[in-house]
Amino acid sequence: GVSDGVQCSACEAGTFNSAGGAAACETCPANSGSSTARVLCHCLAGFTGPEGGLCNVCFDCTSAVTFTATLGMTIAQLSTSARTAYVNGVAEAVSVAPSSVAIASVSEQFTRRRLLASTLVVATTVTVPKDMASSVATAATSENLNTALASSGISVVAVSARTVAAASPNGGNNNPASSGDTTTPEPGDTTTPE
């Protein structure tokens, strides 16, 4: 857009502009990154500190929010660019940096109701500081994902209940069945059998 006759452009990853408009983008502090909105920096997983402030190494401060998203597409349609669009869309929907989102697995399911109709079940993990886990789990809804993915042509049919568990030191997540809280699905969300 244009602000006061000056052409505005989005800040690049790792930078932010809290003032809005045509103000210069600032670099995020060390060990932090900006969400896709790029108006504020958050500490990266494995670090803790105030939003926009210094981030220090921490232990046992990272959570993994996991869920499955059922997409209305085939495995052949899930190209590298579609995977990137999905990761970026999830990041936008839950207000984290795309580097915090990982696709754990993808499986194709065929339905008997509609001959040859298939969907993809995408197991997704979002690794975030513990204090952000609840808000990320709440934001990971089919409505929010569809809004964020609208321009990519990817349609989310359903999202499972989101599970929050402590992330393991190597960046993966522990078994969510043994530790962590499960959020309840929103109306209209369904758990997809795997």
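These legends describe close-up views of one predicted model.

Residues are numbered from 1 along each chain as its sequence is written, and side-chain values use heavy atoms, with hydrogens and water left out. Because the model is predicted, local features need pLDDT of at least 70 and side-chain atom pairs count only at pLDDT 80 or more, while totals for chains, interfaces and linings use all residues.

View 1. β9 spans residues 62–71. Strands here are DSSP runs of E with at least two residues, helices are runs of H or I with at least four, and both are numbered from the N terminus. Ten of the ten residues of β9 are buried (under 20% relative accessible area; exposed is over 50%, partly exposed lies in between; 1.4 Å probe, protein chains only). In a regular strand the side chains alternate between the two faces of the sheet. Thr62, Ala64, Thr66, Thr68 and Thr70 point one way from β9. Ser63, Val65, Phe67, Ala69 and Leu71 point the other way.

**View 2. The pairing partners of β9.** Two strands pair if DSSP finds at least two bridges between them. β9 and β11 run antiparallel and are joined by ten bridges. In this pairing, Phe67 stands opposite Thr124 of β11. Strand β13 (residues 163–166) also runs antiparallel to β9, with four bridges between them. Here Thr66 faces Thr163 of β13 as its opposite residue. Strand β12 (residues 156–159) pairs with β9 over three bridges, again in the antiparallel sense. Val156 of β12 is the bridge partner of Leu71.

**View 3. The largest nonpolar core.** A nonpolar core is a set of buried Ala, Val, Leu, Ile, Met, Phe, Trp, Tyr and Cys residues joined through side-chain atoms within 4.5 Å. The largest one has 32 residues. Phe67, Leu71, Tyr86, Val96 and Val126 touch the most other members. Two or more residues come from each of β9, α1 (80–94), β11, α2 (130–139), α3 (142–149) and β12. α1 gives the most, with seven residues. In soluble globular proteins, nonpolar side chains tend to be buried together.

**View 4. The cavity.** A cavity is a set of points, on a 1 Å grid over the protein atoms alone, where a 1.4 Å probe fits but cannot get out; lining residues have an atom within 4 Å of a point. Grid points are joined across faces, edges and corners, and a volume is the space filled by probe spheres set on the points. The structure holds one cavity of 30 Å³ or more. The largest cavity has a volume of about 70 Å³. Its lining has 13 residues, and His42, Cys43, Val96, Ala97 and Ser100 lie nearest the centre. β5 (32–34), β6 (41–43) and β11 (118–129) each supply at least two lining residues. The lining has eight nonpolar, five polar and no charged residues. In these classes, Ala, Val, Leu, Ile, Met, Phe, Trp, Tyr, Cys and Pro count as nonpolar, Asp, Glu, Lys and Arg as charged, and the others, Gly among them, as polar.

**View 5. Asn31 and Ser32.** Asn31 lies in the loop between β4 (26–27) and β5. Its phi is positive, about 65 degrees, although Asn31 is not a glycine. Most residues other than glycine have a negative phi. Asn31 counts as partly exposed because its relative accessible area is 33%. Ser32 lies in strand β5. At 13% relative accessibility, Ser32 is buried. The Ser32 side chain reaches the backbone oxygen of Pro29 at 2.6 Å. A polar contact is a pair of N or O atoms within 3.5 Å; within protein, one must be able to donate a hydrogen and the other to accept it, and residues adjacent in sequence count only if both atoms are side-chain atoms.

**View 6. The loops at either end of β9.** Cys61 sits in the loop between β8 (56–57) and β9. Cys61 is buried, at 14% relative accessibility. Cys61 and Ala167 are 106 residues apart in sequence and 8.2 Å apart in space, C-alpha to C-alpha. Gln77 is in the loop between β9 and α1. With a relative accessible area of 45%, Gln77 is partly exposed. A polar atom of the Gln77 side chain lies 2.7 Å from the backbone nitrogen of Thr74. Gln77 and Ile154 are 77 residues apart in sequence, and 9.7 Å separates them in space, C-alpha to C-alpha.

View 7. Ser95 lies in the loop between α1 and β10 (101–110). Its phi is positive, near 60 degrees, and Ser95 is a residue other than glycine. Ser95 counts as partly exposed, at 39% relative accessibility.

Key
On a 1 Å grid over the protein atoms alone, a cavity is a set of points where a 1.4 Å probe fits but cannot get out, and a pocket is an open set with protein on both sides within 12 Å along at least five of seven lines; lining residues have an atom within 4 Å of a point.
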